[in-house]
Amino acid sequence: MPEPHPPARLPQPGTQRSWWLREALGAEDQRSPMPPLRGTVDFDVAIVGGGYTGMWTAYDLTERAPGVRIVLLEQDICGGGPSGRNGGFVHAWWDQLPLLVELHGPERGLEMARASEVAVREVGEFCERHGVDAWFVQAGYLQASASPAQDGDWDRAVAVCRELGAADAYLPLTEAEVRARCASPRFRGGVLMPSGATVQPAILARGLRRVLLERGVVIHEGTTVRRLVPGDPVRLTTDGGEVRAPQVVLGMNAWAAGWAGFRTRLMTWASYIVLTEPIPDRLGEIGWTGGEAVTDSRFTIHYFRTTRDGRIAFGAGVGAAGYGGAIGARFTEDRGAVARAAAGLHHLFPMLADVRIEDAWGGPIDISSDRLPAIGSLHGGRVHFAHGYSGNGVGPSRLSGRILAAIVDGGTDPISRLPIVGAHARRFPPEPFRYVGARMIREALVRKDEVEDQGRRPNLLVRSMARLPHWLGYRIGH
Ligand SMILES: Cc1cc2nc3c(=O)[nH]c(=O)nc-3n(C[C@H](O)[C@H](O)[C@H](O)COP(=O)(O)OP(=O)(O)OC[C@H]3O[C@@H](n4cnc5c(N)ncnc54)[C@H](O)[C@@H]3O)c2cc1C
């Protein structure tokens, strides 16, 4: 077996923007940031956050209510957050159907899974309609088992899909069928969500930004919202000015975990991606040429996909927990998390251990206690939000954008009454307990997954810590 590159040779994360975003910016004609907000301005709708949630909301508002005056405020550049750095998996909630049914009943649970699948398709339709070549490929999302402990992780979801007449949405595969798509020697079986797709995430984000600018949405980048003052209008204060608007949408993702009102609804964990050099021939050798998005079935999941030039982008949800909602260096500069992601790549593909890793980056994910997004309104129905995607937001944020735009537009569209709107997941404890708990449980989950990857059984302490969230009523861990 080839020898892996020693950890010292791994790229230092956080020194530059993700490879995705560098590629996307490099191909743009007009890549200069939009100027920060100066002075006091009035708009019909103000949106905080230039990721998918904020931008899909703005896009759908321009579709529904063409004359409405929209301003979008982004502290960095649009797509500078996780929307321009993620794995690019776009998938529906078929794997979550048992939970959706448990929370909302079979009919409405199925309705939401179907809506999430429509959202995947709509991402592709947007790209087609607006000439955004974000590499949208609907080649399926394949979840594999890579250890005995992971076998059959999907059984319940497959059974519920069958019971509700959606058997084709989530198809169990044998070991041979999985390896025919991607021949990791660790794979033992799996399940395929045929509607799953991949995108080049930053091209999608930057394409959205371009379309919004073309449609007259005012975007201020380098503009951090420091304070929200409820009222009519709602006021958003920034370092250089103030926006007044009767309707405000918050699409701040993990940053919301630092805001009063959301602090006990979210916690933050980091996820990291390593990117290999181009290896199209080696991908051919392992039969992974169909463009499938693939994961194993760990809680601290390994997720991997290929690029157009034959690289592997390999992600791992193995980063640290955040404290107090601050999004600092641990989310972008954690060399240990990069080393663990690289170890995951070499564990699942030992035959690629000699392949050079050329880039690495990380970002925050916003975990809700049921791992579904929270969508709702505050302050007399003038401030609306969507967050808590729990690391699965590329497809669902398309749906959130539709829902938020419908709410702002009067709330008569049935989509704004999907049961996910206004649902309240269990709260997390306040700091410092949120951080201490998140960190201890996080470490137990990483340890449990690593031990199980070796085909061993974790000790009782690790098993108990990994179960603790379930005993406390949170849907986190195993
Ligand atoms: C490494 C990594 C890999 C991932 N892989 C996948 C994947 O493959 N598939 C998947 O479905 N999901 C994945 N995710 C999650 C996915 O990226 C997110 O769920 C999704 O991008 C959420 O979009 P968003 O617009 O809500 O958030 P973001 O993209 O985080 O956008 C929020 C924006 O708000 C801005 N902001 C925050 N606070 C303020 C403020 N006060 N003032 C102004 N601006 C502010 C931020 O700068 C940011 O740009 C991954 C995440 C990470 C970090």
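This is a guided tour of one predicted protein model, stop by stop.

Residues are numbered from 1 along each chain as its sequence is written, and side-chain values use heavy atoms, with hydrogens and water left out. Because the model is predicted, local features need pLDDT of at least 70 and side-chain atom pairs count only at pLDDT 80 or more, while totals for chains, interfaces and linings use all residues.

**The whole protein**

Begin with the complete chain in a cartoon view. The protein has 12 helices and 20 strands; these are DSSP runs numbered from the N terminus, helices being H or I of at least four residues and strands E of at least two. Its radius of gyration is 21 Å, close to the 23 Å that the globule rule gives for 478 residues, so the protein is as compact as a globular protein of that length. Here the radius is taken over C-alpha atoms, and the globule rule is 2.2 Å times the number of residues to the power 0.38. Along the principal axes, the C-alpha atoms fill a box of roughly 65 × 50 × 45 Å.

Of the 478 residues, 57% are buried. Buried means under 20% relative accessible area, exposed over 50%, and partly exposed in between, with a 1.4 Å probe and protein chains only. Among contacts (heavy atoms within 4.5 Å) between residues at least 6 apart in sequence, 75% join residues at least 24 apart.

**Aromatic pairs**

Next, display the rings of Phe, Tyr and Trp. A pair of aromatic rings is described by the distance of the centres and the angle of the planes. Rings of Phe, Tyr and Trp (its six-membered ring) pair if their centres lie within 6.5 Å; planes under 30 degrees apart count as stacked, over 60 as edge-to-face and the rest as tilted. The count comes to 17 aromatic pairs.

Select Phe-89 and Tyr-141. Their ring centres are 6.0 Å apart and their planes stand at 75°, so this pair is edge-to-face. Phe-89 belongs to strand β4 (residues 89-90) and Tyr-141 to strand β5 (residues 141-144), so the pair ties together parts that are 52 residues apart in sequence. Both Phe-89 and Tyr-141 are buried.

Now select Phe-187 and Phe-304, a stacked pair with 6.3 Å from centre to centre and 15° between the planes. Phe-187 is in the loop between α6 (175-181) and β7 (190-193), whereas Phe-304 is in strand β16 (residues 302-306), so this pair ties together parts that are 117 residues apart in sequence. Phe-187 is buried at 0% relative accessibility, and Phe-304 is buried at 0% as well.

**A charge over a ring**

Turn to Trp-56 and Arg-398. The charged end of Arg-398 sits over the ring of Trp-56, 4.1 Å from its centre. For this description, NZ of Lys or CZ of Arg must be within 6 Å of the ring centre and within 35 degrees of the ring normal.

**A buried threonine**

Select Thr-300, in the loop between β15 (293-295) and β16. Is Thr-300 buried or exposed? At 1% relative accessibility, Thr-300 counts as buried. Its side chain makes a polar contact with the side chain of Asp-449 (2.6 Å). A polar contact is a pair of N or O atoms within 3.5 Å; within protein, one must be able to donate a hydrogen and the other to accept it, and residues adjacent in sequence count only if both atoms are side-chain atoms. Beyond its neighbours within four places in sequence, Thr-300 is in contact with Gly-317, Val-318, Arg-442, Leu-445, Val-446 and Asp-449.

**Salt bridges**

Finally, display the charged side chains. A salt bridge is a side-chain nitrogen of Lys or Arg within 4 Å of a carboxyl oxygen of Asp or Glu, and the count comes to 34 salt bridges.

Select Asp-42 and Arg-244, whose side chains meet in a salt bridge (2.9 Å, N to O). Asp-42 lies in strand β1 (residues 39-42) and Arg-244 in strand β12 (residues 241-245), so the pair ties together parts that are 202 residues apart in sequence. Asp-42 is partly exposed at 38% relative accessibility, and Arg-244 is partly exposed at 31%.

Move to helix α6, where Arg-179 and Glu-175 are four residues apart, or about one helical turn. The closest N and O atoms of their salt bridge are 3.5 Å apart.

Arg-282 lies in helix α8 (residues 280-285) and Asp-354 in the loop between α9 (335-348) and β18 (357-367), so the pair ties together parts that are 72 residues apart in sequence.
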